[in-house]
Amino acid sequence: YAENQTGCKMQAFGDEKGGEFVGKKWEKYMSECGIEHSKTTPNTPQQNGIAERKNRTLEEAVTCMLAEAKLPRAVWGHAFALAVRIVNATPTRCLQGKTPYEAFYGKKPDLSMLRVFGCRAYVHVQKKKREEGKWHTQRCIYLGFEKGYKGFKCYNPETNELVISRDVVFDETEFPGIPWLEEDR
């Protein structure tokens, strides 16, 4: 993916030897591609300090997003995906004030679709999907945006469905939440 997006060849790959990237096939592939494969010592996260710190930052961001939006862990993945997008769109000193997105793609990120996670979202119901005399909107909760779509990802708690739409009106001051499941407490 990185090679296709940047036009640059991968030169090195590092991992914590957690098991995901272990095996003769993997080592052969890395060797055939001319990619240097470095590993940290097992069970020593301190050797991978930068990545471990970023993981902790993301975990704390997701925890705050879920708590503020009054949403259960069941939507953790959606919060995580949005948190990663926010971090990648945030300028950083190590990139001389550029964002990670900008450093990777060579252009500034588009923030026009960014909204407050978990806020009330009124999703327009298309005429062909709407019954006569029914509401023109469905009350949902904003969960981010779906890769590959130019639309917002919203959850409808009444139908228990994810809805992707570009026709959404947001109330970023209202957080309807979802009743917490007992195992989330």
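Visitor: In which hand does α3 pass α4 in the crossing?

Guide: A crossing is left-handed if the near helix is turned anticlockwise from the far one by less than a right angle, and right-handed if clockwise; here α3 passes α4 in a right-handed crossing. This is a predicted model, in which local features need pLDDT of at least 70 and side-chain atom pairs count only at pLDDT 80 or more, while totals for chains, interfaces and linings use all residues. Residues are numbered from 1 along each chain as its sequence is written, and side-chain values use heavy atoms, with hydrogens and water left out. Helices (H or I, at least four residues) and strands (E, at least two) are DSSP runs, numbered from the N terminus.

Visitor: At what angle do helix α3 and helix α4 pack?

Guide: Two packed helices are described by the angle between their axes and the distance between the axes. Axes are lines fitted to C-alpha atoms, for helices over the stretch in contact, and angles run from 0 to 180 degrees between N-to-C directions. Helix α3 (residues 49-69) packs with helix α4 (residues 76-88) at about 120 degrees, the axes being 9 Å apart. The two are therefore oblique to each other, given that angles under 35 degrees count as roughly parallel, over 145 as roughly antiparallel, 65 to 115 as roughly perpendicular and the rest as oblique.

Visitor: Which residues in α3 and α4 meet?

Guide: With contact meaning heavy atoms within 4.5 Å, K54, L58, A61, V62, M65 and L66 in α3 meet W76, A79, F80, L82, A83, V84 and V87 in α4. These residues divide into twelve nonpolar, no polar and one charged, where Ala, Val, Leu, Ile, Met, Phe, Trp, Tyr, Cys and Pro count as nonpolar, Asp, Glu, Lys and Arg as charged, and the others, Gly among them, as polar.

Visitor: In what order do the five strands form the open sheet?

Guide: Two strands pair if DSSP finds at least two bridges between them. The order in the open sheet is β6-β5-β4-β3-β7, with antiparallel pairing. β6 (161-165) and β7 stand at the edges with a single partner strand each, so one side of each is left without a neighbour in the sheet. From one strand to the next, the twist averages 40 degrees.

Visitor: Over how many bridges do strand β3 and strand β4 pair?

Guide: Strand β3 (residues 120-124) pairs with strand β4 (residues 137-145) over five bridges, and R120 stands opposite I141 in β4. β3 also pairs with strand β7 (residues 168-171) over four bridges, where V123 stands opposite V168.

Visitor: Which residue forms a salt bridge with K28?

Guide: Side chains of opposite charge can pair when their charged atoms come close. A salt bridge is a side-chain nitrogen of Lys or Arg within 4 Å of a carboxyl oxygen of Asp or Glu. K28 forms one with E32, their closest N and O atoms being 3.6 Å apart.
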